[in-house]
Amino acid sequence: MEQCLRGRAAAAAGMPAPWRRAASASYHHTIQAVPRETSGPRAAARERRHGRVPAVLLALAGAAPGNGVAHRKLLTADRRQVAEMLKQSPYFLSTPVRLQVRAGERSNAVVHSGTVLPIKVHRDETTGNILNLVMVQADEGTMLKVNLPVEFKGEAACPGLKKGGFLQKIRTSLVYLCPAEHIPPKIEVDLTYLDVGDRVLMHDIPVHPSLKLLSKNETMPVCKILASKPVESETMHDLKS
C-alpha cells in the first residue's frame with residue numbers, strides 16, 4: 001500500500017517512469033513494459049487513454065518452426081517510447097530488441113527480460129496512432145519466419161540506369177526462416193553491375209548461410225532493368241506471375 005501511494009505521489013509530481021530516467025540508448029533499444037491482467041476492447045481503450053499500448057508477447061512451443069505458440073503474455077508498453085522506436089528504426093519489424101518487463105509502471109523490479117522480435121504493429125487508419133503491438137520471443141537458436149524488407153543500392157553506378165533504363169521493383173520484401181541471432185534488418189540488392197535486360201532472382205541474393213528463403217519459386221525476379229518504363233498493365237502482370 002505504501003509503495004502504491006509513493007507511486008501515485010511520484011506520478012502526481014510529474015516524476016518520470018524508470019525508463020525515462022535511463023540513458024537514451026537504453027530508451028531506444030529496450031522496450032519497457034508492465035504486465036496487464038485484462039484484455040478486450042474496453043481494457044485496451046483504457047490503456048490507450050493512459051498513454052499506453054496494449055502488447056502481446058508470444059513464446060513458441062519449441063526452437064523449431066511449426067511448433068505453435070506455447071503461451072502468450074499480456075503486456076502494456078509506453079506509447080511514446082514505442083512511437084519513438086518506430087521513428088528511429090525503419091526496420092522495426094525485422095530487428096530483434098531487448099524487452100524488459102517491470103512489476104509495475106513505477107516499479108524498478110524486473111520480472112522478465114530477454115530478446116524479442118516485433119512482428120506486428122496495428123495503427124488507427126485515420127489517425128495513425130499505435131493501437132497494439134505483437135512481439136515474439138527471440139531467444140538464441142529459435143527459428144523465426146521473418147518478412148524482410150528489400151532495399152536496392154548502387155543505382156547511381158548501375159550501367160543500365162545510366163543508359164536511361166528503368167528499375168522495375170517487383171518485390172519489396174522477402175520471407176526467410178532465420179535463427180533469431182542472425183536476423184538481418186533488411187535484404188540488400190546490389191544494382192552496380194546490372195545492364196538493360198538484366199534481372200535479379202530471389203536465389204541470386206547473397207544472405208547468411210543459416211537463412212532459408214521461403215518461396216515456392218526461388219527463380220522469381222526481385223527486380224529488372226528495363227529499357228523504358230512499362231505500362232501499368234504489364235507491371236501488374238509481372239507482379240501476379
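This is a predicted model: local features need pLDDT of at least 70, side-chain atom pairs count only at pLDDT 80 or more; totals for chains, interfaces and linings use all residues.
**Helix H3**

Begin by selecting helix H3, which runs over residues 41-49, and colour its buried residues, Ala43, Ala44 and Glu47. As you look along the helix, notice that these residues cover an arc of only 100° around the axis, which puts them on the same side of H3. An α-helix has 3.6 residues a turn, so residues three or four places apart point the same way. Now turn to the face of H3 that points away from this buried side, where you will find the exposed residues Pro41, Arg42 and Arg49. If you then display what covers the buried residues of the helix, you will see that the cover includes E2 and E3. Before leaving, select Gly51, which follows H3 and has a positive phi, near 80°.

**Asp78 in strand E3**

Next, select strand E3, residues 69-78, in which Asp78 has its place. Is Asp78 buried or exposed? Asp78 counts as buried because its relative accessibility is 7%, and the cut-off for buried is under 20%.

**Pro90 in a loop**

Move on to the loop between helix H4 (79-88) and strand E4 (97-102), and select Pro90 within it. Pro90 has a relative accessible area of 68%, and is therefore exposed.

In soluble globular proteins, nonpolar side chains tend to be buried together. Select Leu174 and Val189, which touch the most other members of the largest nonpolar core, a set of 32 residues. Among the elements that give two or more residues to this core are strand E2 (52-60), strand E6 (130-137) and strand E9 (173-179), but the largest share, 5 residues, comes from E7. To see how one member is surrounded, centre the view on Leu174 and leave aside residues up to four places away in sequence; the residues that Leu174 touches then include Val146, Leu148, Ile187, Met202 and Val222. Apart from this core lies another, of 18 residues, and you can find it by selecting Ala33, Leu57, Leu99 and Ile130, which are among its members.

Methods: Residues are numbered from 1 along each chain as its sequence is written. Side-chain values use heavy atoms; hydrogens and water are left out. Helices (H or I, at least four residues) and strands (E, at least two) are DSSP runs, numbered from the N terminus. Buried means under 20% relative accessible area, exposed over 50%, partly exposed in between (1.4 Å probe, protein chains only). A nonpolar core is a set of buried Ala, Val, Leu, Ile, Met, Phe, Trp, Tyr and Cys residues joined through side-chain atoms within 4.5 Å. Contact means heavy atoms within 4.5 Å. The arc is that of the directions from the helix axis to the C-beta atoms.
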